[in-house]
Amino acid sequence: MPVGTNAETTSTLAETARRDYRELVDAGLSFDLTRGKPSPEQLDLAAGLQELPGAGRPTAADGTDCRNYGGLQGLPEMRALFADFLQVPVEQLLAAGNSSLELMHDCLVHALLSVLPGAESRWAGQERIAFLCPVPGYDRHFSLCARFGIEMIPVAMTANGPDMSEVERLVAEDPAIKGIWCVPKYSNPDGTCYSDETVRRLAGMRTAAPDFRIFWDNAYAVHHLTDERVEIADLLAACAEAGNPDRAFVFGSTSKITWAGAGVAFFGSSPANRDWLLANNSKRSIGPDKVNQLRHVLFLEDADGVRAHMDRHRALLQPKFEAVLRIFDEELGGTGLAEWTSPKGGYFISLRVPDGCAKEVVRLAGEAGIALTPAGATHPHGVDPDDAVIRIAPSYPGRQELEQAIRGLTTCVRLAGYEKRLA
Ligand code: PLP
C-alpha cells in the first residue's frame, strides 16, 4: 500500500465526520440516555397495582393487618414469591422498603457501627477499610464507598465475572479488604453473567479479613432479553458448603419489575447475618410498608406471574436493544473505532471507544443535545484510566428518539476517533 494512503483515508473520514457532526448540532436534538430507568410504557405494565389491595382490610395470609406496625422481616408471601428467584431460603430473606440501594447503604452503615458476625471489631474502629470494585461497574456502589471513606480497589471484569486470580490474591493478603461489589447477572454496565466457577471461587477463597462480605447485588435476576433465561450458581449455598456461611449479602428489588420508585427490596443472607440486620433495623423502623408488599403479591401472584410480567418488559425492551446494536453495526462496524456488548439481559450496553476518547465523545454528544452517562462513571471516583467506556441506557426513550440519539452518538464516536487517529 503506498505511503500516505491510510492518512489520506483517515482525513477524508474525519472530514465526513466533521460535516455529519455539524448537521447533528444543527438538528437541535434534546435526548437523555443518562440513566437506566424504565420507560413510562414499562411502568404502565404494573398499572394494576393502582387498584390493589382494593377495598376492605388489607390482610396478609397469616391474618396480619398490613396497615399496622410490625413484621420487620416483611410479609412471608412476598418473601416466598422471590425466594427462588434470588436463591435465598424464604426464612433467610427480608422484604423491606422500596430500594435495594438503601439496604446496601444500611449494611455498610451497620457494619461500620456494629460488629458483624465473625468480626473482631466494627469497621469504624479500623484504620483502613477497602472494597474490591470490579470495573466497569455501577456508579452508585462506588458513591457509597466514597461516602463512607471506603477505599476502592478496581479489579478488571472478564467474560466470566471479576478476574478471580486477582481477587483471590488481593483478599488473601490484605485484611483491610472487607468486601467486593458484584452484579452477578446481566451486570451493570457490561451485561456479564458470572460463571459457576467464579461463584465457587468467590465462596471458597481464603480471605485475610474474618468479616469479609460479598455484596451480591442481583438487581437483574429476572430481567432477560432473550429466550435464554440465564441461571447463575447459588452463592449463598456455595458459601455455606465452603464453610463460609456468613460471607454473602444478597440484594434485589422489584424496581425494574413493577415500579422503580414504589417497588419492594430484598436482603438475603445466613441466619446470623439476617438476625444482625434485623436487630439493627429494629432501631430504625417498626416495620416496612406491608400494604405495598401485599399488593405486589396480589398483582404478581406467583413465579409464573413474575415470568409472564418480565416477558412483557422484554417485548418493550428487546426491540430497543436490537435497534442500538443494529445502528452500532451499521455505523461503526468495521471502522475499528468501537466495540460493544450484546447483553442477554439487564439494562445496559457498554460501548468501548479508542483509549482517551470517551470523555470527548460524551462532550461532543452533550453539545449536540444527547445527554449520556458521564464517561468515567463506570469506575471508582469517576475516573476510567483508559477513558474508553461509555454506558448506554436504551430503556427510557421511545424507539424513534433512541434511534436518532444513537445515530448521533455514532457520529460523535467517528469524529472523536478519527481526530484522535490524525493527532
Ligand atoms: N443495583 C444495580 C446494579 C442497579 O443497576 C440499580 C439501578 O439501576 C440498582 C441497584 C438500584 O436498585 P433499587 O432501585 O432497588 O435501589
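Before I look at any sheet, a rule to keep at hand: two strands pair if DSSP finds at least two bridges between them. Helices (H or I, at least four residues) and strands (E, at least two) are DSSP runs, and they are numbered from the N terminus.

**Ground rules**

I'm working on a predicted model, where local features need pLDDT of at least 70, side-chain atom pairs count only at pLDDT 80 or more, and totals for chains, interfaces and linings use all residues. Residues are numbered from 1 along each chain as its sequence is written.

**Entry 1: the eight-stranded sheet**

I looked up the strand order and got S2-S9-S8-S7-S6-S3-S4-S5, an open sheet of eight strands with mixed pairing. Its edge strands are S2 (93-95) and S5 (161-162), and each of them pairs on one side only.

S2 and S9 (residues 265-268) run antiparallel and are joined by three bridges. Here alanine 95 stands opposite phenylalanine 266 in S9.

Next I went to S3 (residues 130-135). How many of its six residues are buried? I get five, so I'm noting S3 down as mostly covered. My cut-offs: a residue is buried if 20 or more other C-beta atoms lie within 10 Å of its own, exposed if 12 or fewer, and partly exposed in between, with C-beta atoms placed from the backbone.

S3 has two partners on my list. With S4 (residues 151-158) it pairs in the parallel sense over six bridges, and proline 134 stands opposite valine 155 in S4. From S3 the chain goes through helix H5 (residues 139-147) to S4, a β-α-β crossover that is right-handed. That label means that, with the strands pointing away from the viewer, the path from the first strand over the helix to the second runs clockwise.

With S6 (residues 177-182), S3 also pairs in the parallel sense, over three bridges. Phenylalanine 131 faces glycine 179 of S6 as its opposite number.

**Entry 2: serine 253**

I picked out serine 253, which is found in strand S8 (residues 248-253). Is this serine 253 buried or exposed? It is buried, because 28 other C-beta atoms lie within 10 Å.

I then listed what serine 253 touches, leaving out residues up to four places away in sequence: Ser99, Ser100, Ala219, Gly263, Val264, Ala265 and Phe266. Contact here means that the C-beta atoms of two residues, placed from the backbone, lie within 7 Å. For glycine 263, which is 10 residues apart from serine 253 along the chain, I get a C-alpha separation of 7.0 Å.

**Entry 3: the three-stranded sheet**

There is also an open sheet of three strands, ordered S10-S11-S13, with antiparallel pairing. S10 (339-340) and S13 (389-392) are its edge strands, each pairing on one side only.

S10 and S11 (residues 349-352) pair over two bridges, and tryptophan 340 stands opposite leucine 351 in S11. Between S11 and S13 I find four bridges. Leucine 351 turns up again there, with isoleucine 390 as its bridge partner in S13.

**Entry 4: two crossing helices**

I checked H3 (residues 76-86) against H10 (residues 290-300). Their axes come within 8 Å and cross at roughly 50 degrees. Axes are lines fitted to C-alpha atoms, for helices over the stretch in contact, and angles run from 0 to 180 degrees between N-to-C directions.

H3 and H10 are therefore oblique to each other. The scheme: angles under 35 degrees count as roughly parallel, over 145 as roughly antiparallel, 65 to 115 as roughly perpendicular and the rest as oblique. The contact is made by Glu77, Met78 and Leu81 of H3 and by Gln293, His296, Val297 and Leu300 of H10.

A reminder to myself: most residues other than glycine have a negative phi, and most peptide bonds are trans.

I found a cis peptide bond joining valine 135 and proline 136, with omega about 0 degrees. Proline 136 lies in the loop between S3 and H5. Another cis bond joins asparagine 188 and proline 189, with omega about 10 degrees. Proline 189 sits in the loop between S6 and helix H7 (196-204).

Then the phi values. Glutamate 301 is not a glycine, yet its phi is positive, near 70 degrees. I place glutamate 301 in the loop between H10 and helix H11 (303-332). It is partly exposed, because 13 other C-beta atoms lie within 10 Å.
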